[in-house]
Amino acid sequence: VLFADHPPPKAADVESTDPETVLTQSDIISLHCPLTPTSRNFIGIEQFKKMKRSAILINTARGGLVDEHALKTALETGLIAGAGFDVLTKEPPKDGNPLLEIRTPNFILTPHVAWASDGAMQFLADQLIDNVEASIAGKPQNLVT
């Protein structure tokens, strides 16, 4: 398992791999990062050209991390073997989105609804209650800086 992070992690016990190595050596690449100005279109045609032709790209993080036109080209031309997404750059999807046009068995697009299960909703409610209680106690947690 290779792990890349940008910027590289500061913790001494976390071993990170440079993104270039992850792209060229991975069989499966799964994105788990926020969409920021520096991560927008993080994966484009140049990155697809560096990947193994047998690689599979998974994006369940955020739409916009992958250039959707480049992904369509990569799948149609065999630059990668397949992809699975549950996010799009624009949601709800609109006509003209290139990922809605892909009709091949090497691409799966599902709704971004993992948060909607009963278990996930209960977890979110519990986390909200814990955050409010911690804040009232003067010990706020899960702060975003």
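**Figure 1. Phe 107 and its aromatic partner in the predicted model.** Phe 107 has a relative accessibility of 9% and therefore counts as buried, the limit being under 20%. In this predicted model, Phe 107 belongs to the one aromatic pair that the structure holds. Its partner is Phe 85, and the two ring centres are 6.0 Å apart. The ring planes meet at 55 degrees, so the pair is classed as tilted. Phe 85 is likewise buried, at 3% relative accessibility. Phe 85 belongs to strand β3 (residues 82–85) and Phe 107 to strand β4 (residues 107–109), so the pair ties together parts that are 22 residues apart in sequence.

Figure 2. Gly 84 is a residue of strand β3. With a relative accessibility of 14%, Gly 84 counts as buried. Residues up to four places away in sequence being set aside, Gly 84 touches Leu 57, Ile 58, Asn 59 and Ile 108. Gly 119 lies 35 residues from Gly 84 along the chain, and the C-alpha atoms of these two glycines are separated by 23 Å.

**Figure 3. The largest nonpolar core.** In soluble globular proteins, nonpolar side chains tend to be buried together. In this model the largest nonpolar core comprises 23 residues. Phe 48, Leu 57, Val 66, Leu 71 and Ile 80 have the most contacts inside this core. Two or more residues are supplied by each of the elements β1, α3 (68–77) and β3. Helix α3 gives the most, with four residues.

**Figure 4. Contacts of Ile 80.** Ile 80 is one of the core residues with the most contacts inside the largest nonpolar core. Apart from neighbours within four places in sequence, Ile 80 is in contact with Phe 48, Met 51, Lys 52, Arg 53, Ala 55, Leu 57, Leu 71, Ala 74 and Leu 75. Among these partners, Phe 48, Leu 57 and Leu 71 are also listed with Ile 80 for the most contacts inside the core.

**Figure 5. Ser 39 in a loop.** Ser 39 is located in the loop between β1 (28–31) and α2 (45–50). Its relative accessible area is 10%, so Ser 39 is buried. The side chain of Ser 39 reaches two backbone atoms: the oxygen of Pro 34 at 2.9 Å and the nitrogen of Thr 36 at 2.7 Å. When neighbours within four places in sequence are left aside, Ser 39 is in contact with Pro 34, Gly 64 and Leu 65.

Definitions and conventions:
Residues numbered from 1 in each chain as written. Predicted model: local features only at pLDDT ≥ 70, side-chain atom pairs only at ≥ 80, totals over all residues. Heavy atoms only, no water. Phe/Tyr/Trp six-rings, centres within 6.5 Å; stacked < 30°, edge-to-face > 60°. Buried < 20%, exposed > 50% of the residue type's maximum accessible area, 1.4 Å probe, protein only. Polar contact = N/O pair within 3.5 Å; in protein donor to acceptor, adjacent residues only side chain to side chain. Contact = heavy atoms within 4.5 Å. Core = buried A, V, L, I, M, F, W, Y, C linked by side-chain atoms within 4.5 Å.
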